[in-house]
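User: I'd like to learn how to read a structure like this one. Could you walk me through a few features?

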Amino acid sequence: MSAKAISEQTGKEFLYKYICTSAAVQNRFRYASVTSETDWDRLSQEHPWLLTERLVVKPDQLIKRRGKLGLVGINLDLQGVREWLKARLMRETTVGKAKGVLKNFLIEPFVPHPQDEEFYVCIYATREGDHVLFHHEGGVEVGDVDAKAQRLMVAVDEKLSEDQVTEHLLTHVPDEKKEVLASFIVGLFNFYEDLYFTYLEINPIVVTKDGVYVLDMAAKIDATADYICKAKWGDVEFPPPFGREAYPEEAYIADLDAKSGASLKLTLLNPNGRIWTMVAGGGASVVYSDTICDLGGVDELANYGEYSGAPSEQQTYDYAKTILSLMTREKHPQGKVLIIGGSIANFTNVAATFKGIVRAIKDYQGPLKEHEVTIFVRRGGPNYQEGLRVMGEVGKTTGIPIHVFGTETHMTAIVGMALGHRPIPNQPPMDAHTANFLLNASSSAMTPATTRTASFSESRKSNDVTPAKKSKAGLPADSLCLLVNLAKATTLFGKQTKTIVWGMQTRAVQGMLDFDYVCSRDEPSVAAMVYPFTGDHKQKFYWGHKEILVPVYKNMADAMKKHTEVDVLISFASLRSAFDSTMEAMQYPQIHTIAIIAEGIPEAQTRKIIKVADEKGVTIIGPATVGGIKPGCFKIGNTGGMLDNILASKLYRPGSVAYVSRSGGMSNELNNIISRTTDGVCEGVAIGGDRYPGSTFMDHVLRYQDTPGVKMIIVLGEIGGTEEYKICQGIKEGRITKPVVCWCIGTCATMFTSEVQFGHAGACANQDSETAVAKNQALRDAGAYVPKSFDELGDVIKTVYDELVANGTIIPADEVPPPTVPMDYSWARELGLIRKPASFMTSICDERGQELIYAGMPITEVFKEEMGLGGVLGLLWFQRRLPRYACQFIEMCLMVTADHGPAVSGAHNTIVCARAGKDLISSLTSGLLTIGDRFGGALDAAAKQFSKAFDSGMLPMEFVNKMKKDGKLIMGIGHRVKSINNPDMRVQILKDFVKQHFPSTQLLDYALDVEKITTSKKPNLILNVDGFIGVAFVDLLRTCGGFTRDEADEFVEIGALNGIFVLGRSMGFIGHYLDQKRLKQGLYRHPWDDISYVSLHYCLS
């Protein structure tokens, strides 16, 4: 949602901080908030004026007309305020249809004034600009301000002046107050714009000789502008509408939504209700709520919500478990139903998202059965067959009644089943699997033969793009229909349309190319891509069986210059960069259509885009859209879903029906409905769910009216806005003569007791005329075909189509078998159609899920258990959770091997390399390459030698004598500096720990016996730190209980122990590197006097 209401306190805080006006704004920041937990003594200390002034107290919970409802206490002292609150604070009250508890109150200074000093001012946003309303009589009895207020519309990107305010708004204001009011209203308007307000009402505003007093205020801000206004807004709290509690689960889902690129929404309507929904898609979620209410379930509907935008498995799991937790808290005598519904997804992998839901169902299977929950599932889209199979399987394994349906079932049919209004089929028919559509049996790499490219009832045109047609002669000049910019093209897409895609959306581009291929286009529709974050290069894609290269440009200017044939831009830019990239694209006259996919663009920016587009004759589709499709010609991005849906809905060739909707998911559902009830789609556009879509319903309806191949028009409207009334007027005036089937979703809104913001930003009625019920009735009265509910939409479409066929308007053509296209390897593997040996195998780590996993242990558990570095090393090296003493021993080994001064070969090499100007990695590698049997690498060798001798039963003296006889050094014995008389404290520290904590030290004891023999011959032949760690580690592996004898020996054999020295000494080498850089040491050159130059003399015989 974009426009969100804020509390009066928040609105006034913003105003007092940021308004810039010469008018003296009084009582700045003089307000106090009161709840049931307020400490009155502390409150009066923080706000001393409470003790000295007369006061006003009122609830601050988005309640309208508080004065008329008796909810304002006036001219009271502090004790009077407390007495007044006793009868109201935490008491239930009714406002309209909403019942709620009064929890938050606002106390402000009372401003004594006569009635003639009260005024009314309001600013609100519309598509064309911002309207400023002013009335010279404000207050409780202001009445119908829309009818009697002076008003001034400030067009988008224009400024408001004091002269304009005085001339147009202040005509009935006394002269002595005009200057103050004009300055204040201009400052208020600038403040409204700067902080991205969408609505701001002050009633009354009082002007006295002392200045301006803002008494009562109501406001909404554009929440999508948070990234722009964060510094000024801070952390804004958006209170729920009065009558609806703010639940922690709603806040939890809102937090998930804020952290995700997907969309996750949840509103609790009746936590004790028996009907719960978990619906994919903003538009579909409204349709399901409508259908539940239409079938009498409004009082039992527990929640409204939606998940969309390809959420991850973990995100869907978190969303699903929240709903399952809520619905299994209170039992219902009739049991409960969960409707997991959705339209046909465009790009979301249904099976992947269902995995999260399945996990949640398994986790809650006990409570679900205890609360007698029955689940109904209907979904379509990429890999939906696998998703439905898994969902059905979990029903069988858990014993929970789960009824599963696919695209063969009408989207909302499961609602009737769930509520007992229609029977549940025993074995619902299933559409063929994805694999049956796509795998090409032919070995030919040729483009498929041309299929039908003209409509069933239309002859082929030589020119794909036609100029816009003028309206019928004789229509009123001020007709609403004429609002459509006549400079824009009637036909947006054709067989030769070429586009540039902004953003590295390779999956969407490949989908477009596959669509082009099955439509028998001669060339791909994507001419180039623009991606500012890399240099110019080429990106590989498939064209049928062949691989092709599509150029990618860093700058849009280069792409436009080199591809002059392009007239469409598809922008996948983020919400932060979509505005700039779109404004840049409109600088190029060759572009006549732009699709903006991003959701969450601030409304002020969208309106600027619309203004420039209208001036330049550019058609904008979006924002917040999946795009549009012209079967047989062109599709935008992910529109229409994957190829299985393209083929199933016959979108590879044109039909006779055109549609326009707001929702992207619902547009795909329309593709499905139209393909099953008519000869197919001629063109379809999803204009987007924002309040101000770049193009309107009427824009596209008029295009369809002027397109010969379109024989009937379908409009899927929505609650909010008044665009559908323009269609009504167009029908009445005769501008629209083709049959129009129309349905506005959101009819359930009038049945709710409190305001509910639906999934789309624009899906909110601000007045009765914007409700779906009112618009459906107006369309019906105007002559459009309007079903009784969305359930009947398909039937009405079929009835109208059959009439057009019967009267000869549409002449159905013979169906052409769908062409085939190769399936991508990655998707075929996802569907389980093929298998391939993996190039790598790993068993220590898995990063694919929501959380990193080390040897089966989630990273959160690693930290929760405080396993430390030794524990992590145990997981990654040995795939075991080692005992605590073992983890400590590993960490001690790393500490004692970290460094041994700059003179040893590894440190020396690292230093020389660092002083030669090499980077850290090169210097570290130089040092590590010296590790071997002579330096540091004796751990493995010592472990092997001592283990072999001990395991063979050889006595320590026999072992020493044998090694001497074989002329071999005993690895791990001997030190250049340390001796029996000058022991190595590192060894002593480790020895004390091992003796105290290890269950057995047989090999260490054996090595110490060997040390007694070797030091008796020479005092420096001690068991050094490498040898000690080697033999102690063998004891650890053999006796800690985590390994078999064979496993312990294998780890020694494969070099695991040397890893301890490498890991530990790396810390020291890095330290030496940083030390040399910090000391700024220059290039090292070895001194001559430390080199013995040996001359060789050759004698000639």
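Analyst: Happy to. Keep in mind that this is a predicted model. Let's start with a helix: 13 of the 15 residues of α36 are buried, so the rest of the structure largely encloses this helix.

User: How far does α36 reach from its first C-alpha to its last?

Analyst: Helix α36 covers residues 1025-1039 and reaches 21 Å, close to the 21 Å expected at 1.5 Å a residue.

User: And what caps the N-terminal end of α36?

Analyst: Asn1024 does, with a side-chain oxygen 3.1 Å from the backbone nitrogen of Asp1026. After the helix comes Gly1041, which has a positive phi, near 95°.

User: How do I read the packing of two helices, say α28 and α29?

Analyst: Look at the angle and the distance between axes. Angles of 65 to 115 degrees count as roughly perpendicular. Here α28 (residues 868-878) and α29 (residues 884-896) pack at about 105°, with axes 7 Å apart, so the two are roughly perpendicular to each other. Among the residues making the contact are Gly868 and Leu873 of α28, and Ile890 and Leu894 of α29.

User: Which residues does Asp940 contact, leaving aside its neighbours within four places in sequence?

Analyst: Asp940 touches Val1052, Gly1055, Ala1056, Leu1057 and Asn1058. Its side chain reaches the backbone nitrogen of Leu1057 at 3.2 Å. Also, Asp940 and Gly1059 are 119 residues apart in sequence, but 9.1 Å apart in space, C-alpha to C-alpha.

How values were computed
Residues numbered from 1 in each chain as written. Predicted model: local features only at pLDDT ≥ 70, side-chain atom pairs only at ≥ 80, totals over all residues. Heavy atoms only, no water. Helix = DSSP H or I, 4+ residues; strand = E, 2+ residues; numbered from the N terminus. Expected span 1.5 Å × (residues − 1). Buried < 20%, exposed > 50% of the residue type's maximum accessible area, 1.4 Å probe, protein only. Polar contact = N/O pair within 3.5 Å; in protein donor to acceptor, adjacent residues only side chain to side chain. Axes fitted to C-alpha atoms, helices over the stretch in contact; angles between N-to-C directions. Parallel < 35°, antiparallel > 145°, perpendicular 65-115°, else oblique. Contact = heavy atoms within 4.5 Å.
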